[in-house]
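Dear colleague,

Please find below the structure that I am handing over to you. I would be grateful if you could read the notes after it alongside your own work.

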Amino acid sequence: MTTYDTIIKGGLVAAPGRDLLCDIAISNGRIAALGDGLQGAEVIDAQGLIVTPGGVDAHCHIDQLTSTGARTADTFESASRAAAHGGTTTLMPFAVQHRGCSLREAVTDYRARMGDTSHVDCAFHLIVTDPTQETLKRDIPDLAAEGFTSVKIYLSYDALRLDDRSALDVLAVCRAERLMTMVHAESHDMIAWLTERMVEHGYDDVRYFPRSRPIVAERDATHHAIAMSELIDTPVLIVHVSSIDALDEIRRAQAGGRPVLAETCPQYLVLADTDLDRPDFGGAKFCCSPPLRDKAHQEALWKGLADGTLAVCSSDHSAFFFDGPDGKKRNGDGAPFTRIPYGLPGLEARMPLMFSEGVSGGRLSLQTFVEVTATRPAEIYGLGASKGRIAPGYDADLVLWDPLQTARMSVELLHDGIDYTPYEGIDLVGRPVRTLLRGRTLVDGETWMGGEATGRLLACERPVPEDRPRPQNAYYDVTENRFSDGF
Ligand code: DUC
Ligand code: ZN
Ligand code: ZN
């Protein structure tokens, strides 16, 4: 009988399509077999535990310089260590091109920041803010060939947003190169106009922040992003969907056969706009964009995950300390909402929250939990051949969960070193108790076993298949430079 390197014995395994009580055999860092009575040099007892693929967090900002000059709080070392504690084994942060800089230089910079310091595997998305001819014609195609195969564009934020012509240019290159385009969909001018008036009339306290970025601005930009993707005939993925209204736009596009994908994040599922009312500038801890919404949106988003409208649940981790010179108070305790760095920490909390609120809470099946936290993000961004599934040939990135273990979310429970968590006080049912990356245990209970960092920089496949179905209506074919109906 074959003796494998490691056997995970007797757990309930969330295998593709069904949950199985079986052993998992691991050899050379990969899953070698699923079955009963498998033998290995090392045996990990998983009786009474659930085994899922390691989480793939497809939207996180790590060691990133924001457009307003603040740098996010963690390094690749600290972020990846925290991620592993929370059951995430692949991170997809961003390499950001700031205006006037080259995209290639941005990638060189972020690769150097990661270096050999990550404890989990990483693949970068590209943020394009300056689509010069060099960016469009040289850097994006060259980087795509090297495995950087997804691009995020912004329809909001002064320093990041693209106007429509520039956005269409980027979408056209993504179509030609078969890349996934992620869109931050909030209407810039609506927000800017409203913010100006609110500030002028003294409504600049952080508790008014959600009103400055209203749902209609998200709905409008979501519709617009979908329309641009239709014109170019290329898939888009709408990131951090926060409202029923945006979800409805996405659902309508999908029902019409459009290649429109979407993501939401735990903050929109478990936190609400009332959290921004907290005293002593506490609302700043909940300041992110799109903003937190009324609780009524939460159940709709959970249903969107359960029915597949929302394919991905990422953290949108963008961590700032509450105190300190580069944190939420960098422009003063009580600063106006226009001068607070936006973003919430969530790398480590994402999987435990989704397991507890989703699986233990009866909102998601175990299968759907795995799909939205691991399988679909891996597939959508070109990592589907090695990540996100428990099947022979896949990387042995695995998480063992004790479905009965409970804890209360708190800053002490987490390992990211940030001085707060927006999820403080949430009771958790079900906890990750062991995380493995390519067959090696990184975390066992509370004990860090990871030693030296072994995370790899991953090259992604081109996510859009050559033979994807084409829509019925005519579109301008940017590869052929003519209309698709022959005009
Ligand atoms: N919104 C984003 O789009 N990115 C990072 C943080 C945030 O709040
Ligand atoms: Zn965004
Ligand atoms: Zn983001």
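Predicted model: local features only at pLDDT ≥ 70, side-chain atom pairs only at ≥ 80, totals over all residues.

Residues are numbered from 1 along each chain as its sequence is written, chains are lettered from A and ligands numbered from 1 in the order in which they are written, and side-chain values use heavy atoms, with hydrogens and water left out.

The zinc ion (ligand 2) is coordinated by Lys152 (NZ), His184 (ND1) and His240 (NE2) at 2.1 to 2.2 Å. Donors here are N, O and S atoms within 2.8 Å of the metal (3.2 Å for Na, K and Ca); water is not among the atoms, so sites may look incomplete. Along the chain, the donors of this ion follow the spacing K-x31-H-x55-H. Lys152 lies in strand 12 (residues 150–154) and His240 in the loop between strand 14 (236–238) and helix 8 (244–255), so that the pair links parts of the chain 88 residues apart; helices (H or I, at least four residues) and strands (E, at least two) are DSSP runs, numbered from the N terminus. Lys152 is buried, with a relative accessible area of 1%, and His240 is also buried, at 1%. Buried means under 20% relative accessible area, exposed over 50%, and partly exposed in between (1.4 Å probe, protein chains only).

The zinc ion (ligand 3) lies 3.7 Å from the zinc ion (ligand 2). Its coordinating atoms come from His59 (NE2), His61 (NE2) and Asp316 (OD), at 2.0 to 2.1 Å. The donor residues are spaced H-x1-H-x254-D in sequence, and both His59 and His61 are buried.

Elsewhere, Arg213 sits in the loop between helix 6 (209–212) and helix 7 (215–232). With a relative accessible area of 5%, Arg213 is buried. Its side chain makes a polar contact with that of Glu186 at 2.9 Å; such a contact is a pair of N or O atoms within 3.5 Å, and within protein one must be able to donate a hydrogen and the other to accept it, while residues adjacent in sequence count only if both atoms are side-chain atoms.

Finally, Phe483, in strand 23 (residues 482–483), counts as partly exposed because its relative accessibility is 34%.

With kind regards
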